[in-house]
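Please have the sequence and the model open.

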Amino acid sequence: MQHEFDAKLRQLLRRRRWIRRLLRPLPRRANVHRYPVIKWFAGRAKRYPFLWSFQRANVLPALYGGMVLSLLPLYGFQLPLAFGLALLLRANLTITVALQFITNPLTIAPIYGGTAWIGSKLMVMAGVGADLPRALFIANALFVGGTVVGLALALLSDLLWRLAAWEARAFRSKLEALRAHAAAHADPNPPGVDQDLR
């Protein structure tokens with residue numbers, strides 16, 4: 001049983017290292033002053049604990065708002081908008097900003113092409129925008145498609161977050177049970193200790 005507890009403890013430490021590595025390049029309370037644009041608001045950001053909280057009430061708005069914002073045709077303005085959105089929704093800033101990196105110079109063309117296509121199909125099905133000039137129709141399709149695809153991906157992310165949170169709770173309860181069992185079955189007379197000294 002002690003061996004199983006030690007293995008679970010090592011697994012917990014590996015998980016923590018992996019999460020720290022994952023979060024290292026993202027804005028946190030300690031490094032928010034290093035980010036372009038957001039650094040102008042670093043003092044204000046440090047005063048709001050909900051921006052740094054990984055509680056469900058702060059993560060879910062970050063997932064939904066951040067995912068939709070990341071797919072809207074606002075490339076180049078996303079970081080300041082993400083900061084404002086995190087304040088408005090009382091959402092986790094780290095997650096909101098991390099989602100903005102979905103659209104980058106390598107992914108922007110396929111993402112905007114796909115969201116424009118989906119948005120135009122939805123607009124045609126709804127009978128909206130047929131009389132608009134082509135450029136305006138495409139701009140509207142980008143926003144409609146970005147919103148719909150963003151909400152769908154946010155729902156998927158929400159489900160994955162809930163599954164991960166459930167697994168983390170189960171892992172912690174198993175670790176606590178193993179810790180309690182190991183403590184209850186610890187040898188009260190460890191070898192090599194003189195009985196008279198204890």
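Ala, Val, Leu, Ile, Met, Phe, Trp, Tyr, Cys and Pro count as nonpolar, Asp, Glu, Lys and Arg as charged, and the others, Gly among them, as polar. The model is predicted: local features need pLDDT of at least 70, side-chain atom pairs count only at pLDDT 80 or more, and totals for chains, interfaces and linings use all residues. Residues are numbered from 1 along each chain as its sequence is written, and side-chain values use heavy atoms, without hydrogens or water.

A pocket is an open set of points on a 1 Å grid over the protein atoms alone, where a 1.4 Å probe fits, with protein on both sides within 12 Å along at least five of seven lines; lining residues have an atom within 4 Å of a point. A volume is the space filled by probe spheres set on the points, joined across faces, edges and corners.

| Largest | about 1,200 Å³ | 19 nonpolar, two polar, seven charged |

W18, I19, F54, W161 and A164 are the closest to the centre of the largest pocket, among 28 lining residues. Helix 7 gives the most to this lining, eleven residues. Helices here are DSSP runs (H or I, at least four residues), numbered from the N terminus.

Helix 7 (residues 134-184) also packs on helix 3 (residues 56-71), at about 150° with axes 7 Å apart. Axes are lines fitted to C-alpha atoms over the stretch in contact, and angles run from 0 to 180 degrees between N-to-C directions. The two helices are therefore roughly antiparallel (over 145 degrees).

Notes
Parallel < 35°, antiparallel > 145°, perpendicular 65-115°, else oblique.
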